[in-house]
Amino acid sequence: YGIQLGYNDLLSLNVGRELSTPLVEFYFRSLEERLKHFAVFSSSLYHQLQRGGIEEILKEVKTDPFVNRIIAIPVHLNGIWCTIGIIISTRDIVVFDNFARSCDPQEILKPIRNAMIALELKFQPETATLRPWKLNRFTGWPVNATATDSALYSCLAAHDVVFGLITKRKTFDSESLRRFMLGTIYKNLQIVPAVIPTIKTQTA
(Lines give C-alpha, C1' and ligand atoms only; values in the text may rest on other atoms or scores of the structure.)
Protein backbone atom coordinates (compact mmCIF):
# COMPACT_ATOMS: atom_id res chain seq x y z
CA TYR A 1 0.00 0.00 0.00
CA GLY A 2 3.03 2.26 -0.20
CA ILE A 3 3.34 2.31 3.59
CA GLN A 4 6.58 1.25 5.27
CA LEU A 5 6.12 -0.77 8.48
CA GLY A 6 9.08 -1.25 10.76
CA TYR A 7 9.61 -3.52 13.73
CA ASN A 8 8.79 -0.67 16.13
CA ASP A 9 5.45 -0.19 14.37
CA LEU A 10 4.59 -3.82 15.11
CA LEU A 11 5.74 -3.39 18.72
CA SER A 12 3.20 -0.59 19.10
CA LEU A 13 0.55 -3.33 19.05
CA ASN A 14 1.52 -4.19 22.64
CA VAL A 15 -1.16 -3.42 25.20
CA GLY A 16 -0.60 -0.04 26.82
CA ARG A 17 1.02 1.47 23.72
CA GLU A 18 -0.66 3.65 21.12
CA LEU A 19 -0.66 2.23 17.61
CA SER A 20 1.80 4.00 15.34
CA THR A 21 0.48 6.20 12.53
CA PRO A 22 1.88 3.91 9.77
CA LEU A 23 0.13 0.95 11.42
CA VAL A 24 -3.22 2.76 11.49
CA GLU A 25 -2.86 3.81 7.86
CA PHE A 26 -1.83 0.28 6.86
CA TYR A 27 -4.88 -1.28 8.52
CA PHE A 28 -7.25 1.15 6.81
CA ARG A 29 -5.63 0.45 3.43
CA SER A 30 -5.88 -3.29 4.02
CA LEU A 31 -9.66 -2.91 4.46
CA GLU A 32 -9.82 -0.84 1.28
CA GLU A 33 -7.94 -3.55 -0.62
CA ARG A 34 -10.26 -6.33 0.57
CA LEU A 35 -13.65 -4.65 0.26
CA LYS A 36 -15.63 -3.38 -2.69
CA HIS A 37 -17.32 0.01 -2.47
CA PHE A 38 -15.10 1.09 0.43
CA ALA A 39 -12.43 3.79 0.10
CA VAL A 40 -9.94 5.50 2.37
CA PHE A 41 -8.73 9.08 2.44
CA SER A 42 -5.40 9.57 4.23
CA SER A 43 -5.06 11.35 7.57
CA SER A 44 -2.60 13.79 5.97
CA LEU A 45 -5.24 14.75 3.42
CA TYR A 46 -7.61 15.66 6.27
CA HIS A 47 -5.05 18.02 7.78
CA GLN A 48 -4.57 19.64 4.38
CA LEU A 49 -8.31 20.27 4.30
CA GLN A 50 -8.14 21.85 7.74
CA ARG A 51 -5.79 24.41 6.24
CA GLY A 52 -8.23 25.08 3.42
CA GLY A 53 -6.58 22.79 0.88
CA ILE A 54 -9.58 21.92 -1.29
CA GLU A 55 -7.36 22.04 -4.38
CA GLU A 56 -5.13 19.33 -2.91
CA ILE A 57 -7.98 16.85 -2.51
CA LEU A 58 -9.24 17.61 -6.02
CA LYS A 59 -5.77 16.73 -7.34
CA GLU A 60 -5.26 13.67 -5.12
CA VAL A 61 -8.65 12.03 -5.69
CA LYS A 62 -8.43 10.80 -9.28
CA THR A 63 -11.43 8.45 -9.40
CA ASP A 64 -15.07 9.12 -8.60
CA PRO A 65 -15.49 8.57 -4.83
CA PHE A 66 -19.26 8.42 -5.17
CA VAL A 67 -19.13 4.90 -6.59
CA ASN A 68 -18.25 3.79 -3.05
CA ARG A 69 -20.71 3.01 -0.29
CA ILE A 70 -18.47 4.24 2.51
CA ILE A 71 -15.33 6.37 2.74
CA ALA A 72 -13.25 6.30 5.93
CA ILE A 73 -10.58 8.68 7.19
CA PRO A 74 -8.32 8.07 10.22
CA VAL A 75 -7.72 11.37 12.02
CA HIS A 76 -5.40 12.31 14.89
CA LEU A 77 -6.58 15.38 16.80
CA ASN A 78 -5.46 16.72 20.16
CA GLY A 79 -3.68 13.50 21.04
CA ILE A 80 -6.72 11.32 20.27
CA TRP A 81 -7.42 9.16 17.20
CA CYS A 82 -10.90 9.02 15.71
CA THR A 83 -12.43 7.82 12.45
CA ILE A 84 -14.53 9.91 10.10
CA GLY A 85 -17.02 7.87 8.10
CA ILE A 86 -18.75 9.21 4.97
CA ILE A 87 -21.94 7.29 4.15
CA ILE A 88 -22.63 8.14 0.53
CA SER A 89 -26.23 6.91 0.19
CA THR A 90 -27.58 8.81 3.21
CA ARG A 91 -25.16 11.75 2.92
CA ASP A 92 -24.03 11.30 6.50
CA ILE A 93 -20.58 12.36 7.69
CA VAL A 94 -19.94 10.88 11.12
CA VAL A 95 -17.02 11.16 13.51
CA PHE A 96 -16.62 7.93 15.50
CA ASP A 97 -15.00 9.27 18.65
CA ASN A 98 -15.51 7.12 21.71
CA PHE A 99 -13.62 9.53 23.93
CA ALA A 100 -15.85 12.44 22.83
CA ARG A 101 -13.27 15.09 23.51
CA SER A 102 -11.30 15.65 20.34
CA CYS A 103 -13.29 18.84 19.69
CA ASP A 104 -16.65 20.05 18.39
CA PRO A 105 -17.85 17.49 15.77
CA GLN A 106 -19.14 20.30 13.59
CA GLU A 107 -15.66 21.80 13.46
CA ILE A 108 -14.06 18.40 12.78
CA LEU A 109 -16.43 17.60 9.93
CA LYS A 110 -16.84 20.94 8.12
CA PRO A 111 -13.64 20.47 6.04
CA ILE A 112 -14.92 17.05 4.92
CA ARG A 113 -18.33 18.42 4.00
CA ASN A 114 -16.70 21.17 1.91
CA ALA A 115 -14.47 18.59 0.21
CA MET A 116 -17.40 16.31 -0.64
CA ILE A 117 -19.29 19.22 -2.19
CA ALA A 118 -16.25 20.07 -4.32
CA LEU A 119 -15.72 16.42 -5.32
CA GLU A 120 -19.37 16.03 -6.29
CA LEU A 121 -19.15 19.06 -8.54
CA LYS A 122 -15.97 17.64 -10.10
CA PHE A 123 -17.07 14.05 -10.71
CA GLN A 124 -20.85 14.33 -11.03
CA PRO A 125 -21.63 17.88 -12.22
CA GLU A 126 -24.74 16.81 -14.14
CA THR A 127 -26.32 15.08 -11.17
CA ALA A 128 -24.81 17.05 -8.29
CA THR A 129 -27.53 17.59 -5.73
CA LEU A 130 -28.08 20.38 -3.28
CA ARG A 131 -29.14 17.93 -0.57
CA PRO A 132 -27.12 18.83 2.53
CA TRP A 133 -24.58 16.57 4.18
CA LYS A 134 -25.53 15.70 7.77
CA LEU A 135 -22.77 16.01 10.38
CA ASN A 136 -22.93 13.72 13.42
CA ARG A 137 -20.89 12.08 16.18
CA PHE A 138 -21.11 8.46 17.32
CA THR A 139 -19.86 7.51 20.81
CA GLY A 140 -21.81 4.34 21.50
CA TRP A 141 -19.02 1.80 22.00
CA PRO A 142 -18.08 0.09 25.26
CA VAL A 143 -16.10 2.46 27.48
CA ASN A 144 -13.58 0.11 29.12
CA ALA A 145 -10.57 1.64 27.38
CA THR A 146 -8.05 4.42 27.86
CA ALA A 147 -6.92 7.17 25.51
CA THR A 148 -3.98 4.92 24.60
CA ASP A 149 -6.52 2.71 22.85
CA SER A 150 -7.93 5.52 20.70
CA ALA A 151 -5.98 4.41 17.61
CA LEU A 152 -7.29 0.88 18.11
CA TYR A 153 -10.83 2.27 18.38
CA SER A 154 -10.23 4.16 15.15
CA CYS A 155 -9.34 0.94 13.30
CA LEU A 156 -12.23 -0.86 14.96
CA ALA A 157 -14.65 1.84 13.82
CA ALA A 158 -13.60 1.45 10.18
CA HIS A 159 -14.08 -2.32 10.46
CA ASP A 160 -17.44 -2.15 12.26
CA VAL A 161 -19.06 0.51 10.11
CA VAL A 162 -18.22 -1.44 6.96
CA PHE A 163 -19.57 -4.74 8.31
CA GLY A 164 -22.64 -3.24 9.97
CA LEU A 165 -21.42 -3.96 13.51
CA ILE A 166 -21.15 -0.40 14.76
CA THR A 167 -24.19 -0.59 17.06
CA LYS A 168 -23.72 -4.23 18.03
CA ARG A 169 -20.35 -4.30 19.78
CA LYS A 170 -20.84 -4.86 23.51
CA THR A 171 -17.30 -5.45 24.75
CA PHE A 172 -13.83 -4.11 24.09
CA ASP A 173 -10.90 -6.48 24.53
CA SER A 174 -7.73 -4.56 23.74
CA GLU A 175 -5.40 -7.56 23.78
CA SER A 176 -7.56 -9.73 21.50
CA LEU A 177 -8.06 -6.89 19.04
CA ARG A 178 -4.34 -6.20 18.90
CA ARG A 179 -3.65 -9.88 18.19
CA PHE A 180 -6.29 -9.81 15.45
CA MET A 181 -4.64 -6.76 13.88
CA LEU A 182 -1.21 -8.40 13.99
CA GLY A 183 -2.59 -11.44 12.16
CA THR A 184 -4.30 -9.22 9.60
CA ILE A 185 -1.08 -7.33 8.97
CA TYR A 186 0.96 -10.50 8.45
CA LYS A 187 -1.68 -11.85 6.09
CA ASN A 188 -1.63 -8.70 4.00
CA LEU A 189 2.16 -8.48 4.01
CA GLN A 190 2.21 -12.11 2.84
CA ILE A 191 5.52 -12.55 4.69
CA VAL A 192 6.52 -13.38 8.24
CA PRO A 193 9.25 -11.21 9.79
CA ALA A 194 12.40 -12.99 10.95
CA VAL A 195 11.58 -11.89 14.49
CA ILE A 196 7.88 -12.06 15.33
CA PRO A 197 6.70 -9.66 18.04
CA THR A 198 4.39 -11.10 20.67
CA ILE A 199 1.50 -9.07 21.99
CA LYS A 200 2.33 -8.36 25.62
CA THR A 201 -0.07 -7.21 28.29
CA GLN A 202 0.85 -4.37 30.59
CA THR A 203 1.67 -6.83 33.36
CA ALA A 204 3.73 -9.20 31.19
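Are helix 2 and helix 6 roughly parallel or roughly perpendicular to each other?

Modeller: The model is a predicted one, and what follows is computed from it. Two packed helices are described by the angle between their axes and the distance between the axes. For helix 2 (residues 21-34) and helix 6, the axes come within 10 Å and cross at roughly 5°. Angles under 35 degrees count as roughly parallel, so helix 2 and helix 6 are roughly parallel to each other.

The residues in contact can be listed from both sides. Helix 2 contributes Val24, Tyr27, Phe28 and Leu31. Helix 6 contributes Ala151, Ser154, Cys155, Ala158 and His159. One of these, Cys155, has a relative accessibility of 1% and therefore counts as buried, since the cut-off for buried is under 20%. Cys82 is buried as well, with a relative accessible area of 0%. The structure holds zero disulfides.

Asp149 forms a salt bridge with Arg178, and the closest N and O atoms are 2.9 Å apart. Asp149 lies in the loop between strand 5 and helix 6 (150-162), while Arg178 lies in helix 7 (residues 174-189), so the pair ties together parts that are 29 residues apart in sequence. Both Asp149 and Arg178 are buried.

The axes of helix 3 (residues 43-50) and helix 5 come within 9 Å and cross at roughly 95°. The range for roughly perpendicular is 65 to 115 degrees, and helix 3 and helix 5 are therefore roughly perpendicular to each other. On the helix 3 side the contact is made by Tyr46, Leu49 and Gln50. On the helix 5 side it is made by Glu107, Ile108, Pro111, Ile112 and Ala115.

The side chains of Arg91 and Glu120 meet at 3.2 Å, N to O. Arg91 lies in the loop between strand 3 (80-87) and strand 4 (92-96), and Glu120 lies in helix 5 (residues 105-123), so this pair ties together parts that are 29 residues apart in sequence. Arg91 is buried, and Glu120 is too.

Strand 4 has a charged partner of its own. Lys134 forms a salt bridge with Asp92, with the closest N and O atoms 3.7 Å apart. Lys134 lies in strand 5 (residues 134-138) and Asp92 in strand 4, so the link joins parts that are 42 residues apart in sequence. Asp92, at 16% relative accessibility, counts as buried, whereas Lys134, at 41%, counts as partly exposed. The salt bridges described here are among six in the count.

To place these parts in the chain: there are seven helices and five strands. From the N terminus on, the elements run α-α-β-α-α-β-β-β-α-β-α-α. Among contacts between residues at least 6 apart in sequence, 66% join residues at least 24 apart. Buried residues make up 51% of the 204 residues in the chain. The chain exposes about 10200 Å², and carbon and sulfur atoms supply 53% of that area.

Technical notes. Residues numbered from 1 in each chain as written. Predicted model: local features only at pLDDT ≥ 70, side-chain atom pairs only at ≥ 80, totals over all residues. Heavy atoms only, no water. Helix = DSSP H or I, 4+ residues; strand = E, 2+ residues; numbered from the N terminus. Buried < 20%, exposed > 50% of the residue type's maximum accessible area, 1.4 Å probe, protein only. Contact = heavy atoms within 4.5 Å. Areas by Shrake-Rupley, 256 points an atom, 1.4 Å probe, with all protein chains shown as cover. Disulfide = S-S within 2.5 Å. Salt bridge = Lys/Arg side-chain N within 4 Å of Asp/Glu carboxyl O. Axes fitted to C-alpha atoms, helices over the stretch in contact; angles between N-to-C directions. Parallel < 35°, antiparallel > 145°, perpendicular 65-115°, else oblique.
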